[in-house]
Amino acid sequence: MASSIAQSPPRPGTLIEPGTQPAAQQQARPSPQFPPPNRPRRFGIAVRITLGLSVMALLVVLIGVVSMSSFRLFRAEVTALSTTTLPEVIASADLHGSLQKLVAQLPQLAAATSTPQRRSIYDGLVTELDSMQLLVARMRGLMKESGNEDGERDGNVRLLEQTRSTLLILAATVADLNAEVTRQIDYGDRQAEAARGLSRLAASIESMPDTGAWAVRIGALMARAAGASQLDHLSRLKGEARAAERTLADLARLSADAPDTTGQMMSTVQEELFSLLIAPGGVFHSAIDRLQARNRAQALTGQARVLVETVERSTRTLYDSIRDQSAQRTDALAELIAERSRTVMMLAGASIILAVCVYFIFRHFLSSRLVAMNRAVLARLSAGHADAGRPRTDGLVSASPATKVPVPVDGDDEITDIGASIRYFIDEIDRRQRALADNERRFRDLVEGSIQGIIIHRDFHPLYANDSFAAMLGLTVAEVMALPSLLALVPVEERNGLIDNYDRLLDGGSTPRRRIRACRPDGGSLWVELTGRRVDWMDGPAIQAVVVDVTREVEAENALRQSRDAAERALCELKATQASLIQAEKMASLGQLVAGVAHEVNTPIGITITGASQLQALIEELSQSHAAGALKKSDFQRFLSDGMEMANLILSNSTRAANLVQSFKLVAVDQSSDERRAFLLRDYIDELLRSLHPTYKARAALTISVDCPADLELDGYPGALSQILTNLIMNALIHALDPEQPGRIAISARPCDGNMVELSVADDGNGIAPAVLPKIFDPFFTTRRGSGGSGLGLHIVYNLVTGRLHGTIGVESRPGQGTRFTLRFPQVIDAA
């Protein structure tokens, strides 16, 4: 490669210093010739090294094969233990532990006396059963992954399948037991309620006039019913119920023979007593149902105990089997490690013996001869470069002007060729050093002619500068070198930064490219970009800086920055305008709600005023008749009838107006404030629909359905939710549903995974075109621009869902098939 570089002709435009010869003329000098190779050898160093290394490599490969196979077996066994056997043991132990919890909770469910207690225990049982099913499924998957199909593993699989089927039956049994306990508690509550009604009836009978034997039999019947309700024998309880029914029939005959007023009062008491004792939901009926539910619950509890015992036997057998398998695999792994360790140790000992033999062989045939040759080369280097340019042909290297150290050439191998070649390489190095000096002069010419400014300084005192740097400052190179300090060329505020960069570069660090404003000696200024590095110059460290004039780039950047600032100001003004439009849209929506509710409240208030004025006229007419002494019984009865009708009319319409005002107050206050509170979602949706009813009451064919759990409670911002639902419903009424055609809006909500709620608003209207669908949440986008649409409704919805509710919103729509908006947000929303 060195010869090809020296023989290549100079490029066009390359500067050649006066007094130097071109590369082609320098190549004309005679160069030392490489000595011819010796005759081929039968058993040279390469063959010896190859043979020794091959034997060692063979032994190393053998050790590696044994080690790798041992490692693979060990890893396979450890993997099987860690991924299959050990998880199976843990899962079986967890399964047994869950079963013990289940055994402890089953009697508690059967003995539950209240709905919260029953629900808590049942939820715990369901959780444990689900956990056990997951553990069984996990163990089944682990057994499939192990791939071991021996008889014991098949037995474990059958035990798992038996356990899984038993757990399914047990889950169904627990569900039935929960249902029976629920009925038992429900019937007990009904019985207690009927008993309290019976007590109230007894108190009212005591205030009645004396009715003789009828009252005595009534009291006896009530006392007998109170005692019979505590019976635990189903047949006796049914007999008491039939006896009470016969007693009531006899009392009915007694009340029929009584006078009209007393008989009517007795009949009323008997009817109420019949509803409290005999009718469905009465004392006897509830007690009978409670006993039947308790008996069924006891039977289901026994069945559940049998199933639990079956699962316990299966899990215990499964745990013992898996534990035995784990112990067997652990013992087998220990034996494998011991056996393979002995094999690897034997092979390692053999490799050490072989390495010692190879070491002595290589030392005799190779290293001692190379050390002698190295001493000869070091002696040549210490002799200096006095004889470096004189090629020698005697095979010796000059160690000093009077001493020559011979290069060892004994033997018949490659080392002899190396000794003969050293002389050639030394002469070649001398020749290349001369060529390197020539290249250094050419490189200096390139630096002097560079279009970038180059300055080398120490403590900001110039040591070297090229013409380009001097031209930037409007000086000559001599004037630059005469400057006392380069810091005089930069403003005062930039000097501390330059000094810090200088210290950092001298310490061996690096600095980024720096742009500063420089001052010319003639009073002008320019922007330059500096890049520096540490160099060794004149026996000391210095800093080389590359300086580029970037005045035009800086001026262009300033113009661009001014344009950007103007655009940012325009964007801020646009955002402020958008915020004011969004607030105006909210107030417009609230104004529509106020107008609709006011119109709806007008009707019941007008009816109330009319009824009140009519009632006032009836009272004045009655007062005049009474004052004149002409008041008749028929007039008084007509006044009572008409007055009652007017009062009912006033009361019903006042109640209707109050409900409307209350609903409007709740929704309007929420919409106009950012108050955070807890509320029931279903009740709030109903209040919102009641407030919005005036806007769609004219659409007789419109149906709005709500599917939401009554106990779903949210803790968040009802005002934001009200604005979202109002905009979505009004959007459906305006854009999706035709006023003359039947339509349906469905609002549904349900809790989903974690602490999330999914709320959807769907309609069966016109749908949204595919080209419009991606743009519906964009601000000011509307398809009814000429009909008063602002394009901010769905944009407000999107901002409220993603901002205030910390949720997401999605839309699904097809033309002609309706639209569904789906919201997902936390049930407990973080504070804003």
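Two strands pair if DSSP finds at least two bridges between them. Helices (H or I, at least four residues) and strands (E, at least two) are DSSP runs, numbered from the N terminus. The model is predicted: local features need pLDDT of at least 70, side-chain atom pairs count only at pLDDT 80 or more, and totals for chains, interfaces and linings use all residues. Residues are numbered from 1 along each chain as its sequence is written, and side-chain values use heavy atoms, with hydrogens and water left out.

**Exercise 1. Strand 12 and its partners**

Task: State how strand 12 and strand 14 pair, and over how many bridges. Then work out the hairpin that strand 11 and strand 12 form.

Solution. 
- Step 1. Strand 14 covers residues 818–826, and its pairing with strand 12 is antiparallel, over 8 bridges.
- Step 2. Pick one bridge. Aspartate 763 has threonine 819 in strand 14 as its partner.
- Step 3. Turn to strand 11 (residues 743–752). Isoleucine 747 has valine 761 in strand 12 as its bridge partner.
- Step 4. Look at the turn. Strand 11 and strand 12 form a hairpin with 3 residues between them. Glycine 754 in that turn has a positive phi of about 70 degrees.
- Step 5. Check burial. Buried means under 20% relative accessible area, exposed over 50%, partly exposed in between (1.4 Å probe, protein chains only). In strand 12 (residues 756–763), 7 of the 8 residues are buried.

**Exercise 2. The five-stranded sheet**

Task: Give the strand order of the open sheet of 5 strands. Then say which helix lies across strand 3, strand 5, strand 6 and strand 7.

Solution. 
- Step 1. The order is 4-3-7-6-5, with antiparallel pairing.
- Step 2. Find the edges. Strand 4 (461–465) and strand 5 (514–519) each pair on one side only.
- Step 3. Axes are lines fitted to C-alpha atoms, for helices over the stretch in contact, and angles run from 0 to 180 degrees between N-to-C directions.
- Step 4. Take the strand 3 and strand 4 pair. Strand 3 spans residues 453–458 and is antiparallel to strand 4 over 4 bridges. Arginine 458 has histidine 461 of strand 4 as its bridge partner. Proline 462 in strand 4 stands opposite histidine 457.
- Step 5. Inspect the turn. The strand 3 and strand 4 hairpin has 2 residues between its strands, and aspartate 459 there has a positive phi of about 55 degrees. Strand 4 is mostly covered, with 4 of its 5 residues buried.
- Step 6. Place the helix. Helix 13 (residues 492–506) lies across strand 3, strand 5, strand 6 (525–536) and strand 7 (541–549). Helix 13 runs at about 130 degrees to strand 5.

**Exercise 3. Helix 17 and its neighbours**

Task: Describe how helix 17 packs with helix 18 and with helix 16.

Solution. 
- Step 1. Start with the geometry. The axes of helix 17 (residues 718–736) and helix 18 (residues 793–804) come within 9 Å and cross at roughly 150 degrees.
- Step 2. Classify the angle. Angles under 35 degrees count as roughly parallel, over 145 as roughly antiparallel, 65 to 115 as roughly perpendicular and the rest as oblique. Helix 17 and helix 18 are therefore roughly antiparallel.
- Step 3. List the contact (heavy atoms within 4.5 Å). Residues of helix 17 in it include Ala720, Ile724 and Leu728; those of helix 18 include Leu794, Val797 and Arg804.
- Step 4. Sort the residues. This contact has 8 nonpolar, 4 polar and 1 charged. Ala, Val, Leu, Ile, Met, Phe, Trp, Tyr, Cys and Pro count as nonpolar, Asp, Glu, Lys and Arg as charged, and the others, Gly among them, as polar.
- Step 5. Repeat for helix 16 (residues 681–696). Its axis is 11 Å from that of helix 17, at an angle of about 45 degrees. That makes helix 16 oblique to helix 17.
- Step 6. Sort again. The contact of helix 16 with helix 17 has 13 nonpolar, 4 polar and no charged residues.
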